[in-house]
Amino acid sequence: ELLQAAGLTASDYDVTRLTDTVEGFILDRPITVRNALEYLTSAFFFDIVESDGILKCVPRGNESVKSVPEDDLIPSGKKGVQDILEINYAQELELPQRVNVTYLDRPFNYDPVTQTSQRQVVKAVDQVTINLPIVMGATQAKQISDITLYGTWKERSSFQLTLPPKYVRVEPTDVITVTVNNVPHEMRVVKTDMEANGVMKL
């Protein structure tokens, strides 16, 4: 309905891979369709990507769809492993120690209620609060806070690499496995840039 409100027709998007049911979605003020969708992607863990001329909604947590051997990585000119696979690690203090999810609880007359998840033995002290204008139960809200917190820590490593033109079909939301020095690195693609010579920067 949100995509149709933005002027798209059924042939412009694909939501067939989404299986969750939204019990209620209450907007008490005007917001953009983009912002409304961001609430849903945060609660139900999916991404929206333009592919083959349509918008596709892709759930997270998929298996790797492509294996990339070390020989296919294009050097960047840096030293060591970073020459073919640049790896950056977020520091503990940059990550949340606690995630709060505020949602609308029907048994409480749709008043806001909060569920919390936190890590105990870490240096991190930051808190993240996600306000969702979505009707749901306490169990679902707790799952959202658990997955958000766990996912943030699991994805503390980010990667940059360059691939030859034969990987042109790799797109954001794809999960790929890149092996360097016999160590496999599984990663979810969030951005791709094709250069004039056809190589792909991820």
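How many bridges join strand E2 (residues 24–25) to strand E9 (residues 126–135), and do the two run parallel or antiparallel? Two bridges join E2 to E9, and the strands run antiparallel. Strands are said to pair if DSSP finds at least two bridges between them.

The model is predicted: local features need pLDDT of at least 70 and side-chain atom pairs count only at pLDDT 80 or more, whereas totals for chains, interfaces and linings use all residues. Residues are numbered from 1 along each chain as its sequence is written, and side-chain values use heavy atoms, with hydrogens and water left out.

The secondary structure comprises three helices and 15 strands, taken as DSSP runs numbered from the N terminus (helices: H or I, at least four residues; strands: E, at least two). The C-alpha trace spans about 60 × 50 × 25 Å along its principal axes. Among contacts (heavy atoms within 4.5 Å) between residues at least 6 apart in sequence, 67% join residues at least 24 apart.

Of the 202 residues, 36% count as buried, that is, under 20% relative accessible area with a 1.4 Å probe and protein chains only.

Technical notes
Buried means under 20% relative accessible area, exposed over 50%, partly exposed in between (1.4 Å probe, protein chains only).
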